[in-house]
Amino acid sequence: MTVHPIACHDCDLVHHLAEIPLGGSARCVRCGAPLYRPKRDSINRTLALTLTGTILFLVANLNPFLGFRIGAQLRETILATGIYQLYQQGMTIIATLVLFTVVIVPAIHLLSLLYILVPLQMNQVPPHLTRVFRVYQFLKPWGMMEIFMLGILVSVVKLGKMATIIPGLALFAFMALIFVLAAMAATLDEHLIWQTIEHQPTRAHR
Ligand SMILES: [Zn+2]
């Protein structure tokens, strides 16, 4: 039985783990640092968080983000128009960064995990699992919504002097989404996915 190799975080020694029972854990044979502990009910829990995240993502993108009241005028903006306004004002780099880290990366994260976890939940292995999971892992450092939210708060404080700011539904959905995405990444047992990939019957000879 081949198992996905796992390297010790402390001394880089590579291990090939045998199956570890729930509640058990593996330690490095050389330095004793913790290597891996199976996460309980990982597929179910991560899938539940991914579904919650998908709903929050849609709410966050389709509803007013902020409302500005100046005198009797009320202006509401959704995220997409906000990004478009940044482009129009010549802030191309910031607009691209926001589009990438706040819309594209979370969307790919949610879609890739749905693609992986829905079949696994039904004891089926989705086609191209390796490729999709690699994309998920590659993009993981690029989900930076916290920084974006911080930027929003700073500009809201500044704008607050000129207009009355009304936080929209999308703003709350985004804040909840940050926590759900973090929980989703923490609950996902990546080693379990690699094991699933390597236990697949090889397709090369078909
Ligand atoms: Zn070690």
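My entries on pockets, a salt bridge and a nonpolar patch follow.

**Ground rules.** I am working with a predicted model, where local features need pLDDT of at least 70, side-chain atom pairs count only at pLDDT 80 or more, and totals for chains, interfaces and linings use all residues. Residues are numbered from 1 along each chain as its sequence is written, and side-chain values use heavy atoms, with hydrogens and water left out.

**Largest pocket.** I looked up its volume and found about 980 Å³. A pocket here is an open set of points on a 1 Å grid over the protein atoms alone, where a 1.4 Å probe fits, with protein on both sides within 12 Å along at least five of seven lines; lining residues have an atom within 4 Å of a point. The volume is the space filled by probe spheres set on the points, which are joined across faces, edges and corners. I found 31 lining residues, with G82, Q85, L86, I152 and S155 nearest the centre. Strand 5 (66–70), strand 6 (73–77), helix 2, helix 3 and helix 5 (145–159) each give two or more residues to this lining. Helix 5 has the largest share, seven residues. Helices (H or I, at least four residues) and strands (E, at least two) are DSSP runs, numbered from the N terminus. By class, I noted 21 nonpolar, eight polar and two charged residues in the lining. Nonpolar covers Ala, Val, Leu, Ile, Met, Phe, Trp, Tyr, Cys and Pro; charged covers Asp, Glu, Lys and Arg; the others, Gly among them, are polar.

**Second largest pocket.** I noted a volume of about 300 Å³ for this one. Of its 17 lining residues, Y36, P38, D189, L192 and Q195 are closest to the centre. Helix 7 gives the most, with five residues.

**Salt bridge.** How many salt bridges does the structure hold? I found one, between the side chains of K140 and E190 (2.6 Å, N to O). The term means a side-chain nitrogen of Lys or Arg within 4 Å of a carboxyl oxygen of Asp or Glu. K140 sits in the loop between helix 4 and helix 5, and E190 is in helix 7, 50 residues apart. I logged K140 as partly exposed at 34% relative accessible area, whereas E190 is buried at 18%. Buried means under 20%, exposed over 50%, and partly exposed in between (1.4 Å probe, protein chains only).

Helix 3 supplies the largest share of the patch, three residues.
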